[in-house]
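Here are some notes for a colleague who is opening this structure for the first time. Please keep the view open while going through the points.

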Amino acid sequence: MALRFLCHLLVILLVIAQINANLEGDALYALRRAVNDPENVLQSWDPTLVDPCTWFHVTCDADNRVTRIDLGNAKLSGKLVPELGKLERLQYLELYMNNLMGPIPAELGQLKSLVSLDLYHNNLTGSIPPSLSNLSNLKFLRLNGNRLTGRIPRQLTNLGNLKIFDVSNNDLCGTIPVSGSFSKFTEESFVNNSRLEGPELMGFVRYDVGGCK
Ligand SMILES: *[C@@H]1O[C@H](CO)[C@@H](O)[C@H](O)[C@H]1NC(C)=O
Ligand SMILES: *[C@@H]1O[C@H](CO)[C@@H](O)[C@H](O)[C@H]1NC(C)=O
Ligand SMILES: *[C@@H]1O[C@H](CO)[C@@H](O)[C@H](O)[C@H]1NC(C)=O
């Protein structure tokens, strides 16, 4: 009786371990399902494997947690998925120069290890999620060359480690924040947004008025 009970317990514990190991694989597999992949760059993303660390274009740390996704210039189209926000140790999300469309999921603001978010030269729409201001390790935020609309979230000025910020070639509107980390960015970061009104005049023009519906 006791042995039988222990066997059942062991099976249950193994199943739980397997589920944890597969959580990050599931998040990546959600991305695979949501995109079109004409060149089969995601062919190795096989959810029946124990963890995603053997998949191409994925890098893991010593604990088998995903730290990098390198899918720049991979001819992917389709949408980003909120599940990506579950990759707690992700440092580099490189999805530039594809043809991804739809919004940037607000859940990307949960990627607390993220250093680099490169989504430039896609076909993304919607606004820049204010939740990205929670990415306190972020150094590189490149969203240029999409079809993003709305204001530049003022909370992004709190990103103290931000070194490069590029939202050029979009359809953003409103004024450009100038405080915090934004004090070091030049006009280059913002060019070719025909509805963007220029730098916010501190204490003179309010950030949230004018021009932007
Ligand atoms: C971008 O997406 C729109 C649909 O939202 C589509 O009509 C257009 O062709 C796409 N642009 C490119 C370059 O594929
Ligand atoms: C930042 O994260 C906290 C905690 O998860 C959340 O409550 C808050 O809404 C987030 N900030 C933004 C601007 O989304
Ligand atoms: C702005 O748009 C023009 C016209 O499309 C283009 O020639 C120029 O390279 C763009 N500037 C930047 C910095 O991307």
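**Notes on the strands, core and ligand shells**

1. Start with a parallel pair. Strand β3 and strand β5 (residues 92-94) run parallel and are joined by three bridges. One residue pair to look for is R68 with Y92, its bridge partner in β5. Bear in mind throughout that this is a predicted model.

2. Strand β2 (residues 58-60) pairs with strand β3 (residues 66-70) in the antiparallel sense, over three bridges. Here V58 has I69 of β3 as its bridge partner. β2 and β3 form a hairpin, and five residues lie between them. In that turn, N64 has a positive phi of about 60 degrees. As background, the strands of a sheet pair through backbone hydrogen bonds, and they may do so in parallel or antiparallel fashion.

3. Now the wider layout. How many helices and strands does the protein chain have? The count is one helix and twelve strands. Along the sequence the pattern is α-β-β-β-β-β-β-β-β-β-β-β-β.

4. Next, an open sheet. It has four strands in the order β1-β4-β6-β8, and the pairing is mixed. β1 (35-36) and β8 (123-124) stand at the edges with a single partner strand each, so one side of each has no neighbour in the sheet. Within this sheet, strand β4 (residues 77-79) and strand β6 (residues 99-102) run parallel, joined by three bridges. S77 has N99 as its bridge partner in β6.

5. Burial and contacts. Of the 213 residues in the protein chain, 29% are buried. Consider the contacts with a separation of 6 or more: residues 24 or more positions apart account for 45% of them.

6. The nonpolar core. Which residues touch the most other members of the largest nonpolar core? They are L90, L114, L117, L119, L138, L143 and V167, out of 45 residues in that core. α1 (2-34) and β3 each supply at least two residues of this core. Setting aside neighbours within four places in sequence, L117 is in contact with L93, L108, L138, F140 and L141. More generally, nonpolar side chains tend to be buried together in soluble globular proteins.

7. Two asparagines with positive phi. N40 has a phi near 55 degrees, and N40 sits in the loop between β1 and β2. N73 has a positive phi of about 55 degrees, although N73 is not a glycine. N73 is found in the loop between β3 and β4. For context, most residues other than glycine have a negative phi. Are these two buried or exposed? N40 is exposed, because 8 other C-beta atoms lie within 10 Å. N73 is partly exposed, with 13 other C-beta atoms within 10 Å.

8. T149 and its surroundings. T149 lies in the loop between β9 (140-142) and β10 (164-166). T149 is partly exposed, with 17 other C-beta atoms within 10 Å. Not counting residues up to four places away in sequence, T149 touches T125, G126, S127, D171 and L172. T149 and N193 are 44 residues apart along the chain, and their C-alpha atoms are separated by 9.2 Å.

9. The shell around ligand 2. Which residues surround ligand 2? They are G109, P130, S131, S133, N134 and Q155. By class, this shell divides into one nonpolar, five polar and no charged residues.

10. The shell around ligand 3. Ligand 3 is surrounded by S168, N169, V191 and N192. This shell has one nonpolar, three polar and no charged residues.

11. The annotation. An unreviewed UniProt entry carries the annotation "domain: Leucine-rich repeat-containing N-terminal plant-type", which covers residues 22-61. Over residues 22-61 the chain is 32% helix and 12% strand. The end C-alpha atoms of this stretch are 15 Å apart.

Notes. Residues are numbered from 1 along each chain as its sequence is written. Chains are lettered from A and ligands numbered from 1 in the order in which they are written. This is a predicted model: local features need pLDDT of at least 70, side-chain atom pairs count only at pLDDT 80 or more; totals for chains, interfaces and linings use all residues. A residue is near a molecule or strand if its C-beta atom, placed from the backbone, lies within 6 Å of it. Ala, Val, Leu, Ile, Met, Phe, Trp, Tyr, Cys and Pro count as nonpolar, Asp, Glu, Lys and Arg as charged, and the others, Gly among them, as polar. A residue is buried if 20 or more other C-beta atoms lie within 10 Å of its own, exposed if 12 or fewer, and partly exposed in between; C-beta atoms are placed from the backbone. Two residues are in contact if their C-beta atoms, placed from the backbone, lie within 7 Å. Two strands pair if DSSP finds at least two bridges between them. A nonpolar core is a set of buried Ala, Val, Leu, Ile, Met, Phe, Trp, Tyr and Cys residues joined through C-beta atoms within 7 Å. UniProt positions are given in the numbering used here, feature names are shortened, and annotations may be inferred rather than shown by experiment.
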